[in-house]
Each structure stands twice: as structure tokens, then as C-alpha cells.
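Hi,

Here is the structure I promised to pass on. Have a look at it first, and then read my notes on its charged pairs below.

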Amino acid sequence: MKKSLTAVAVLSLLGVVATATSAGASAPTSLSGLTASQIIALSVASARTAGSVTRFNSGNVLGVSVKSEFTSTLRSGIGFQSVLGHHVETVFVGAVLYAKFDAAATKLEFGSSIPNVANKWISFTKASKYYPAFISGITLASLLPLLQPSGAPRLSSPVTVDGTHVVGITGGVAGSTNQSQGTETVYVSTTAPFLPVRLVAKVSTSVSALIDVQMKNWGSPVTVVVPLHFTPSGKTKIP
């Protein structure tokens with residue numbers, strides 16, 4: 001599990017490029033008459049405008065159960081993750097990733113127990129080889145491109161998901177070139193501003209994964225602060 005701290009991050013390993021599409025100057029008041037692609041573009045634009053979200057991720061990645069919760073702004077985030085029952089806390093702010101691993105998670109992530117790392121905040125900058133994987137999926141900006149199914153997405157009839165009236169848009173996994181690499185469905189609220197409610201994906205590439213992401217509390221105030229005490233990763237024995 002060195003490549004990913006969260007199930008959502010598996011999608012970003014497929015080479016997703018952040019290209020959220022603008023919905024245009026005049027936002028619709030109804031989804032009636034819009035195509036699946038237009039609804040996705042509108043929903044992603046509304047999500048970007050909201051500026052923050054809390055999401056609950058669950059999945060199975062390469063046979064490993066992964067659960068996580070993230071509260072994110074466009075450029076920062078707070079995460080709580082569980083891999084095989086072991087726990088990791090993350091804070092991303094000011095382009096620095098702070099992580100706290102329990103003893104078992106330390107060994108899981110780095111391949112061995114490391115003195116003075118478990119249950120302590122460790123900071124990772126862009127200079128660390130772990131940085132790209134550790135920040136994957138933690139911000140709202142990194143989530144937005146994952147909400148855009150690839151190929152020619154198709155639109156479902158309205159249904160109810162998590163108590164919200166939605167339509168489903170299904171296509172290939174975001175960033176993939178064809179649906180043989182997996183499928184993804186994004187459920188979008190039928191009520192303005194048409195925010196995403198849920199994402200369900202099945203990845204069928206070299207990284208096999210089932211992913212379920214629930215999104216709530218769009219636009220709620222979020223404060224992300226640097227941990228009071230931390231040690232730079234370069235001053236530890238992390239390989």
C-alpha cells in the first residue's frame with residue numbers, strides 16, 4: 001500500500017489531468033434537456049465554486065479494505081484513513097503534507113518499523129519521494145477531475161441516493177481510455193446547484209479496486225492548521 005493512502009487516490013494513478021470544465025456564465029435552473037456531459041460539467045463547476053467538501057471513502061484495493069474520511073478545500077485537507085485496521089492521520093496545508101501513522105501503519109507504509117516515527121507527526125515536502133502518493137486525493141482540486149467519467153457518458157433516470165434525488169452519469173473510469181479499464185458512475189443532485197452526491201467506480205487495470213465515495217457538507221467552513229509539533233521526514237530514518 002505504499003502507492004496510496006486512500007481508495008480515491010487509486011483513480012489518480014491512472015494519469016488523470018485536472019481539467020474541470022466551466023459550466024458557462026448562465027447556470028441552468030434545471031437538468032431537463034441537458035446531456036450527461038453537460039450535467040457533469042455543471043456539477044464539477046458547482047463543486048469548485050462550493051470550495052469545500054467532506055467525503056467518506058470506502059473500497060477494496062488489491063484485496064485490501066480501505067476506509068477514509070477527508071474534509072477538504074481546494075488546496076488543503078484533513079484526512080483519517082484506515083488500512084487493514086491500522087490508522088493514518090493526514091493534514092495538507094501550505095503545500096506540506098503532515099502524517100501520523102500508528103505503529104502497524106508505519107511498517108505497512110515504509111516496509112519496516114522506524115524509530116521515533118509511529119504516532120508522531122512527520123512532515124513531507126515535495127522533495128520526498130512519498131509526497132505525490134501521500135497528497136493524492138486529499139484536496140478538493142484533486143477530487144474534481146475524478147468526478148468526470150471518460151468516454152461518452154450515459155445518463156440514467158432519476159433515482160434516490162443517500163436521501164437525495166439524483167441522476168447517475170456512467171462512463172469509463174476518469175482518465176482511462178476505454179471502459180475495459182473499468183466503469184464509474186457519478187450521482188448528481190437534481191436540485192440546484194447540482195452538486196455531486198456519490199461516486200461509485202470499479203477499476204479493472206493493474207490496480208484492481210472497488211471504490212465508493214459519499215460527498216457531503218459542500219461549502220461548509222473548513223479550517224486546516226499545521227500540527228503543533230512535527231518532525232521533517234528528512235530528519236527521520238524513513239528510507
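A salt bridge here is a side-chain nitrogen of Lys or Arg within 4 Å of a carboxyl oxygen of Asp or Glu. Please keep in mind that this is a predicted model. By that rule, the count comes to three salt bridges. The general idea is simple: side chains of opposite charge can pair when their charged atoms come close.

Let's start with Glu89 and Lys100, whose closest N and O atoms are 3.8 Å apart.

Now for the network: salt bridges link Asp162, Arg198 and Asp212. Asp162 pairs with Arg198, with 2.8 Å between the closest N and O atoms. That pair links distant parts of the chain, 36 residues apart: Asp162 is in the loop between β8 (159-161) and β9 (164-172), while Arg198 is in strand β11 (residues 196-204). Asp162 is partly exposed, with a relative accessibility of 39%.

Arg198 also meets Asp212 in a salt bridge, at 2.8 Å from N to O. Asp212 belongs to strand β12 (residues 208-216) and Arg198 to strand β11, so parts that are 14 residues apart in sequence are tied together. Are Asp212 and Arg198 buried or exposed? Both are buried, and for Arg198 the relative accessible area is 18%.

Happy exploring!

Notes. Residues numbered from 1 in each chain as written. Predicted model: local features only at pLDDT ≥ 70, side-chain atom pairs only at ≥ 80, totals over all residues. Heavy atoms only, no water. Helix = DSSP H or I, 4+ residues; strand = E, 2+ residues; numbered from the N terminus. Buried < 20%, exposed > 50% of the residue type's maximum accessible area, 1.4 Å probe, protein only.
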